[in-house]
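Please keep the sequence and the model side by side.

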Amino acid sequence: MANLKRIRDRIKAVKNTRKITEAMRLVAAARVRRAQEQVMATRPFADRLAQVFYRLQTRLRLEDVDLPLLKQRPIETVGLLVVAGDRGLCGAYNANVIKRTEERVRELQETGQQVRLYLVGRKAVQYFQRRSAPIAKTYVNLSQIPTAAEAAQIGDELLSAFLSEKVDKVELIYTRFVSLISSRPVVQSLLPLDPTRLAARDDEIFNLLVRGGEFTVERSKIVAAVSAPPPDMIFEQDPVQILDALLPLYLNNQLLRALQEAAASELAARMTAMSNASDNATELIRTLGLAYNKARQAAITQEILEVVAGAEAL
């Protein structure tokens, strides 16, 4: 009977765990939808910014424009902005970002370049602090759905470090959202800005759907709608001054999109991890149920044998 009670208690504990993991999966799904809505909300600004850059390109040769954010200089120190998460229970999401960061640090150090780390997320901060890494700045407890204000704060500090020549180049390491079951850490150059990347480009957005009771993601390509400026358009300010004012906005927009994509990747990884945990709990409950039934049947058989033996003794 003690064995039966132990199995019943374990079944109850596993069922309670399954309730928690299922609730976490649904919460992560709701937040993925919110991330999707925020990406759509920021699209009008990004599209308008692309139009302005396109029209400026028709008046300027950006490669010949002398602006601090476009200026290439010898690279001695590289700033790495690493985007990880504040929380766990999301599979290998944080571990993959940290591993890619360590690989990139080794690559830069092998070429004789120094590294300064700008870390987003408590998991990355805790990992690199334990290893006495060269950490310049940390950002923790950001919103689970990143905001433009948070991206602007990070962007301003990176701009300050670049313009003051504390770093000669800034790279971004974040997790690109591919699907609910797939994401990959990527390295992207932020500063100095590449003039060829300021042109309007095709973009992709993701849509979280429910089909047959299961979550799925569809990606769709969005073509930026840009038009040539009227031939008689007159700029009230020097186009170079307009470009100088818009480049920080472009950088902040790039940061915001990367933060949003990293957040969607983290939430998708948590959805997958919690879904797998729920499935494992269901399988464990089934196995424990079989073990309980076998133990109960063995106990009943033993009782019957004892009754029979007692009757024969009489």
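Helix H5 contributes the most to the lining of the largest cavity, with 6 residues. Helices here are DSSP runs of H or I with at least four residues, strands are E runs of at least two, and both are numbered from the N terminus. A cavity is a set of points, on a 1 Å grid over the protein atoms alone, where a 1.4 Å probe fits but cannot get out; lining residues have an atom within 4 Å of a point.

This is a predicted model: local features need pLDDT of at least 70, side-chain atom pairs count only at pLDDT 80 or more, and totals for chains, interfaces and linings use all residues. Residues are numbered from 1 along each chain as its sequence is written, and side-chain values use heavy atoms, with hydrogens and water left out.

The count comes to 1 cavity of 30 Å³ or more. Its volume is about 230 Å³, taken as the space filled by probe spheres set on grid points joined across faces, edges and corners. The lining has 19 residues, and Ala-84, Gly-85, Ser-143, Gln-144 and Glu-266 lie nearest the centre. By type, the lining divides into 11 nonpolar, 4 polar and 4 charged. Ala, Val, Leu, Ile, Met, Phe, Trp, Tyr, Cys and Pro count as nonpolar, Asp, Glu, Lys and Arg as charged, and the others, Gly among them, as polar.

Now the packed part. The largest nonpolar core has 39 residues; Phe-53, Leu-81 and Leu-247 are among those with the most contacts inside it. Such a core joins buried Ala, Val, Leu, Ile, Met, Phe, Trp, Tyr and Cys residues through side-chain atoms within 4.5 Å. Buried means under 20% relative accessible area, exposed over 50%, partly exposed in between (1.4 Å probe, protein chains only). H5 supplies the largest share of this core, 12 residues.

H5 also holds Asn-253. Is Asn-253 buried or exposed? Asn-253 is buried, at 9% relative accessible area. Beyond its neighbours within four places in sequence, Asn-253 is in contact (heavy atoms within 4.5 Å) with Phe-45, Ala-46 and Leu-49.

Turn to strand E1. E1 pairs with E2 in the parallel sense over 7 bridges; pairing needs at least two DSSP bridges. Leu-80 stands opposite Leu-117 in E2.

Conventions
1 Å grid on protein atoms, 1.4 Å probe; cavity = no way out; pocket = protein on both sides within 12 Å on 5 of 7 lines; lining within 4 Å.
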